[in-house]
Amino acid sequence: MGSSRSFAGVLALLCLLLAAGPASGDGFPVIPLEQRVQHTSVSVAPSKVAVDGYLASWARLIALPNGRAWLAWQDNASLHLTPLDHTMKKTGTDVVLKGDILTDAIALPDGSVVLAVARDIPGKSWFNCFDTPLALEIVRLSPQGKQEFRTRVVGGDGVGPEKLWHCFSIVRGVSLAHNRGEIGAFITISRNFSKDPKKADTHQGDLFVVLDSQGKEKPESRQTWSASHSNVLGILPAGKGEFETITSGDAYPFGVYYVNRKTKKTAVLWPTEAMRT
């Protein structure tokens, strides 16, 4: 059922400008849409924006503290990062990470970028959701685009029994955050709990890890299965170097689930207790 979607040579960006302006009697801005939206095109020739198979083409704009940006986009099994200036014009040669598919990206205060990328396992097919990349790595690039570290956190040989949860993890199942020099990652995973290797008892959960500024995982930070049938919604930095995560699940616990990963404080944010009884 594979398909190929490509936009040869040109990628259109829509940047919403949330500028203050006069308000109507209801308190809503009355700025015409054409004055609040800027449209610019970035040439990526001779490459093409394309992903074959079950994954649709997508791109990510990574805004930097200095007003510049990286435009991250896929050319099948190659991740491109195109440098843009403050006017969103291309300023140099792409950084290309072969064999990587972007799942999330954040910019750090020093202008470096941290990426969560899914990687192929030799002998597997990239774009079949039932035979997906089974490893996730966190990569840090300098402001100049040079790799500073690459750390595999789940999947592959020797990194525990968990795997990425099919294409779900690639498209929207990974979330990154930065706090006081550390990187927190929240990932949708799966695991076969069957004691018989010939049988499948696969369930979906979540994984939380923290890396230091050098890309080394803090072993005490690794936490798995805070929720069964987990759907990772996001991770946020909190005070005192803490990370907070939110996930949803249809098993245990049911609903939208909050965890402070340092204090271990938890709460079911929805449904309310009255709705659960």
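A nonpolar core, as the term is used here, is a set of buried Ala, Val, Leu, Ile, Met, Phe, Trp, Tyr and Cys residues joined through side-chain atoms within 4.5 Å. With that in hand, let's walk through this predicted model, starting from the inside.

The largest nonpolar core holds 20 residues, and the ones with the most contacts inside it are Leu-136, Ile-138, Val-153, Val-154, Leu-176 and Ile-187. Which elements give two or more residues to this core? They are strands β8 (113–119), β9 (135–141), β10 (147–155), β12 (174–179), β13 (182–192) and β14 (202–211). Of these, β13 gives the most, with four residues. In general, nonpolar side chains in soluble globular proteins tend to be buried together.

Take Leu-136 for a closer look. Leaving aside residues up to four places away in sequence, Leu-136 touches Thr-103, Ala-116, Val-117, Thr-151, Arg-152, Val-153, Val-154, Leu-164, Val-174 and Ile-187. There's also a second, separate core of 15 residues, and Leu-79, Leu-81, Val-95 and Leu-141 are among them.

Now for a loop. Leu-64 sits between β3 (59–63) and β4 (69–75). Is Leu-64 buried or exposed? It counts as buried because its relative accessible area is 14%, which is under the 20% cut-off. Its neighbours beyond four places in sequence are Ala-69, Trp-70, Ala-107, Gly-111 and Val-113. As for Asp-85, 21 residues from Leu-64 along the chain, the two C-alpha atoms are 9.9 Å apart.

Together with Phe-254, Trp-270 and Met-275, Leu-269 makes a nonpolar surface patch of about 440 Å².

Among the elements, β12 has the highest mean pLDDT, at 96, while strand β1 (residues 4–16) has the lowest, at 36. Residues 1–21 stay under 50 throughout, though the model gives them 56 contacts beyond four places in sequence. The pLDDT is also below 50 over residues 125–131, a stretch with 25 contacts in the model beyond near neighbours in sequence. Where pLDDT is low, the predicted coordinates should not be read in detail.

Methods
Residues numbered from 1 in each chain as written. Predicted model: local features only at pLDDT ≥ 70, side-chain atom pairs only at ≥ 80, totals over all residues. Heavy atoms only, no water. Patch = residues over 30% accessible without salt bridge, like charges linked within 9 Å, V, L, I, M, F, W, Y side chains within 5 Å. Areas by Shrake-Rupley, 256 points an atom, 1.4 Å probe, with all protein chains shown as cover. Salt bridge = Lys/Arg side-chain N within 4 Å of Asp/Glu carboxyl O. Buried < 20%, exposed > 50% of the residue type's maximum accessible area, 1.4 Å probe, protein only. Contact = heavy atoms within 4.5 Å. pLDDT = per-residue confidence, 0-100.
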